[in-house]
Amino acid sequence: MTTSGFSIPMGRLMNAGTLYIIAAPSGAGKTSLVKRLIETTSGVAVSISHTTRPSRPGEQDGQHYYFTALGVFETMIAEGAFLEHAQVFGNRYGTSRAAVQAQLAMGLDVILEIDWQGARQVRELMPDSLSIFILPPSREALRERLAGRGQDSAEVIERRLAASLDDLSHYAEFDYLVINDDFADALDALRAILIAQRQRRTVQMERQRELLQRLLS
């Protein structure tokens, strides 16, 4: 697995949102949790990644991913269009830095669903970001969830399980850990992290500057 190595300057903008990095081993339930979080929490958006892999049943271009030809993807790398990019199981994934910057500048909290390697790079480039790692309640539950998709062969499931267990070893690199045993509890935990961050003094001083000035004048 490889990631890009360029860096970009990006200071915190007035009224800018917070960038959240959410990672998890395959089968931990990250995608379902993030989808529900977006549906039930205002002012938050998920960054849509570019990928060279074929679409799966039910996936739509521009909604789940931007499905991109390999040649186009490589051109985007050469042009420095990605905040981070990686190769996973022979397919490439990348996050458009321009899209993320635009969403943050609008005051939206933005979620990146990326792996631990991409998370490591983004943390270096954007130290104001917060990272969350989602864990399964057990190995047995992880295997059951991977097998329950019904889209992959037994060989692919075993390969994904091995990769997931390797991903688990990087949990200590993240700011928050959320255990996805009960879906509703895990969703509440994710939402609590976002709500608490929005009340931090440094964030409120930016977003409520005019109110603070009126109160103190």
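The structure is a predicted model, in which local features need pLDDT of at least 70 and side-chain atom pairs count only at pLDDT 80 or more, whereas totals for chains, interfaces and linings use all residues. Residues are numbered from 1 along each chain as its sequence is written, and side-chain values use heavy atoms, with hydrogens and water left out.

Helices (H or I, at least four residues) and strands (E, at least two) are DSSP runs, numbered from the N terminus; two strands are taken to pair if DSSP finds at least two bridges between them. Five strands form an open sheet with parallel pairing, in the order 2-7-1-8-9. Its edges are strand 2 (44-46) and strand 9 (176-179), each of which pairs on one side only, and the twist from one strand to the next averages 25°. Strand 2 runs parallel to strand 7 (residues 109-113), to which 3 bridges join it, and Val-44 has Asp-109 in strand 7 as its bridge partner. Helix 7 (residues 183-198) lies across strand 1 (19-23), strand 2, strand 7, strand 8 (130-135) and strand 9, and runs at about 155° to strand 9. Such angles, from 0 to 180 degrees, are taken between the N-to-C directions of axes, which are lines fitted to C-alpha atoms, for helices over the stretch in contact, where contact means heavy atoms within 4.5 Å.

A further open sheet, of 4 strands, has mixed pairing and the order 4-3-6-5, with strand 4 (66-67) and strand 5 at its edges. Strand 3 (residues 50-51) and strand 4 run parallel and are joined by 2 bridges, and His-50 has Tyr-66 in strand 4 as its bridge partner. Strand 5 and strand 6, by contrast, pair in the antiparallel sense over 6 bridges, and Thr-95 in strand 6 is the bridge partner of Glu-84. Helix 2 (residues 70-78) lies across strand 3, strand 5 and strand 6, at about 45° to strand 6.

The hairpin of strand 5 and strand 6 has 2 residues between the strands, and there Phe-89 takes a positive phi near 50°. Phe-89, which lies in the loop between strand 5 (82-88) and strand 6 (91-96), is partly exposed, with a relative accessible area of 39%; here buried means under 20% relative accessible area, exposed over 50%, and partly exposed in between (1.4 Å probe, protein chains only). Strand 5 itself is mostly covered, with 5 of its 7 residues buried.

The largest pocket holds about 1,800 Å³ of space. Of the 48 residues that line this pocket, the closest to its centre are Lys-30, Thr-31, Arg-56, Tyr-65 and Glu-113. A pocket is an open set of points on a 1 Å grid over the protein atoms alone, where a 1.4 Å probe fits, with protein on both sides within 12 Å along at least five of seven lines, and lining residues have an atom within 4 Å of a point; grid points are joined across faces, edges and corners, and a volume is the space filled by probe spheres set on the points. Helix 1 gives the most to the lining, with 7 residues.

Trp-116 has its place in helix 4 and is buried, with a relative accessible area of 12%. Leaving aside its neighbours within four places in sequence, Trp-116 is in contact with Ala-23, Asp-167, His-170, Glu-173 and Phe-174.
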